[in-house]
Amino acid sequence: MSKGVAITGMGIISAIGNNVAENFQSLIEGKKGISRISKIQTNHVNDIMVGEIAYTNEDLVEMLGLNSDNSFTRTALLGAVAAKEAVANAGIDDINAYNTGLISSTSVGGMDMTEKYYYESFDNKSVQKYIESHHAGDSSQKIAEQLGIDKSLVTTISTACSSAANAIMLGARLIKSGELDRVVVGGADCLSKFTINGFKTLMILSDTYNTPFDDNRKGLNLGEAAAYLVLESDELVKKDNKKVLAYVKGYGNANDAFHQTASSDHGDGATLAMEKALKVADFNPDNIDYINAHGTATGNNDLSEGRAIIRVFEDKVPCFSSTKAYTGHTLAAAGAIEAVFSILALQNNVIYPNLNFKTQMKEFEITPQLELKHKPLNAVMSNSFGFGGNCSTVIFSKTP
Amino acid sequence: MKQVYINSVASISAQKTFDNAEFLNDFIDHEAVVFPVVNPDYKAFIPPAAARRMAKGIKMSIVASKIALQESGLDQVDAIITGTGMGCLRDSEKFLSALIDNDEQYLTPTAFIQSTHNTVGGQVALELQCKGYNFTYVHASNSFESALLDTKLLLSNEEENNILVGGVDEIGEHTFKLQELVGHVKKEPVKASELFESNTSGAVYGEGANFFVLSNEKQNNSYAELVRVKMFNTLPKDQLTETIETFLASHNLKISDIDLVILGANGDADYDDYYDILSQGVFKETQQAYYKHISGEFNTASSFGFWLAAKTIQSQILPAVVKRNDLKSTGFKTVLLYNQYRNENHSFTLLKQC
């Protein structure tokens, strides 16, 4: 079980960049993508900050070369842009040359259009095309079509904020079991009034820049993003002499079974997920050089996750940081964008700073990495936890 | 590679199916465009105060999960895998309507929390106190099949040994109206027994929860073996027959080895031709069954088809109400299910007597 699955391509669009290169540049320059919301009309405009992508839907439609009568939601548009970059990065010309699937993930799906045309759909025929774009599987079907994937396995995972980590996990297992030769895995979520107001009622949105693992953290900033990886079987990598970016070395999934939205005080689910991932990777805790934490900057998550990290790593906690201060919390996409960040960390031997940190948390003594740090990295752990108690950990490594 | 068995079943549907001692004994011939479920006694499974707060989808799923767990003889499972096309739709609509109608004011979190797609999987885990692997698939008419595929992988590779897997969807009033608007629902109420003679556009809708315990250990009372589930995001009509033949051949089977083919036809004159190609083509001489006239159509209706297949293999009885022809009355050893919805998300599921 310890052999890793090869990653041969990646693509991303987030508030800190429209492709992999731009995202990396922002990460090492400490450049945040957090601002006031501009593309959604909401009464909460002055109470929240978000990680918004600069492109409008019209820009994205043009980039993808879609007809004006398309029924793409913003989730599908962002997903298609990132997935196309990943496939191009993997040097794939003929997607159907091998048995290739798509495992995508989303939490909002087509909610952006549904909330816009909720009542208007009954009177205005021209917006009825979005009715069938509402369900979560729609964006995946459209992304598959954009990639040219047909007659193949396409599915969608929705486990709240751990969704894309689970998509990567399933993809790796499908390759290992020989069910697919090649699979595009990741997730996409756009901002919507629905999620803004939902998180608002839970009172976990910060009115300023989010501050992960800070004692005075006030909550999260929502973000929008999409990111995808291409995973390939060893046979294909060998046959096509593919350049491997990194490997999916381990993965673990567990449920906290504690509360529908809150994490348990001591992070039982998170601990289990990290332990399982280490076991699949056949690693000891000291094999991990950097943890890209979930670190949403909510009171509950950072405490629970911090305690879980201490439970797993004891007195040898490796460098860790949350990149949510850069991008905001991109919900279902978070696991995929942080997978891209983890792979970039491995490729460039660099650990990103945990921005906006000022005050040490009282409950424990571990402190996130505060400055950009260059250090040889062999393995990076990425955590993603969500509502419904869903906890996921993926480990990326330089060698198989 | 370990073999995978269906060790227990539980169904809450538009028919009285929650009692496993029965098998479609009393057919309810609904006449509507949307079929309501026959509710079990929720109080027998969930404290009434808790049940009142729960979304319909959660309630149905918890009861179905408990029935399935009980029948399997297990106290706990290693993993919970859920398929749902729309999640707890009524709560999504409730939150969204309140948001729009009250201009983002006076909102409470309950409906938002229940609106997330994985709320069913999370609630079942909470109820069973299961800290294991927990996934939710949300891919339209392949939501349940995705959950099944994952279950099969985990059990075959011995990553887990006993898994609770299910499909659930509930009707949401607003979404239903929108689906009526775009012609996905039949315009006039149809009698269930006459659905396939309606010859009109659209389907009749339904809701339900079907849960199963699958295991890599066979029990004396195992229902059947799950041999394979395969999905296709697209499948051109003219390649359907050939694709099925290739699929069967990969398991050393021919069309004539199939004792029963269960088709996901839903009475929609615009899309049932996929099923007609098979029922009038390669499977002309095979015993055929339809089920969506008794369950209604919903994203995870195929989990009801899976329930029907498991029950038929175990009892060796094919209830008259689902029979499409009369070629075979016993000897149901190898059963194939085929489903698609509106020409997307096709699936083949192959079961064998064990």
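Tutor: A residue is called buried if 20 or more other C-beta atoms lie within 10 Å of its own, exposed if 12 or fewer do, and partly exposed in between, with C-beta atoms placed from the backbone. This is a predicted model, in which local features need pLDDT of at least 70 and side-chain atom pairs count only at pLDDT 80 or more, while totals for chains, interfaces and linings use all residues. Residues are numbered from 1 along each chain as its sequence is written, and chains are lettered from A and ligands numbered from 1 in the order in which they are written.

Student: What percentage of the 400 residues in chain A is buried?

Tutor: The C-alpha trace of chain A spans about 60 × 55 × 40 Å along its principal axes. Of the 400 residues in chain A, the buried ones make up 64%.

Student: How many residues of chain B are in contact with chain A?

Tutor: Two residues are in contact if their C-beta atoms, placed from the backbone, lie within 7 Å. By that rule, 52 residues of chain A are in contact with residues of chain B, and on the side of chain B they number 48.

Student: Which strands of chain A each supply at least two residues of the side that touches chain B?

Tutor: By class, that side of chain A has 17 nonpolar, 28 polar and seven charged residues, where Ala, Val, Leu, Ile, Met, Phe, Trp, Tyr, Cys and Pro count as nonpolar, Asp, Glu, Lys and Arg as charged, and the others, Gly among them, as polar. Helices H5, H6, H7 and H9 of chain A each supply at least two of its residues, as do the strands S5 and S9.

Student: At what angle do the axes of H9(A) and H10(A) cross?

Tutor: Ala270(A), Thr271(A), Met274(A) and Glu275(A) of H9(A) meet residues of H10(A), among them Ser304(A) and Ala308(A). The contact of H9(A) with H10(A) has four nonpolar, two polar and three charged residues. The axes of H9(A) and H10(A) come within 8 Å and cross at roughly 40 degrees.

Student: How many residues of helix H5 of chain B are buried?

Tutor: Among the buried residues of H5(B) are Thr119(B), Val120(B) and Leu128(B), and the helix is followed by Gln129(B), whose phi is positive, near 55 degrees. The helix is largely enclosed by the rest of the structure, because, of its 10 residues, the number buried is eight.

Student: How far apart in space are Ala225(A) and Gly328(A), C-alpha to C-alpha?

Tutor: Ala225(A) lies in strand S8 of chain A and is buried, with 36 other C-beta atoms within 10 Å. Not counting residues up to four places away in sequence, Ala225(A) touches several residues, including Ile13(A), Asp189(A) and Ile337(A). Although Ala225(A) and Gly328(A) are 103 residues apart in sequence, their C-alpha to C-alpha separation in space is 9.4 Å.

How values were computed. Helix = DSSP H or I, 4+ residues; strand = E, 2+ residues; numbered from the N terminus. Axes fitted to C-alpha atoms, helices over the stretch in contact; angles between N-to-C directions.
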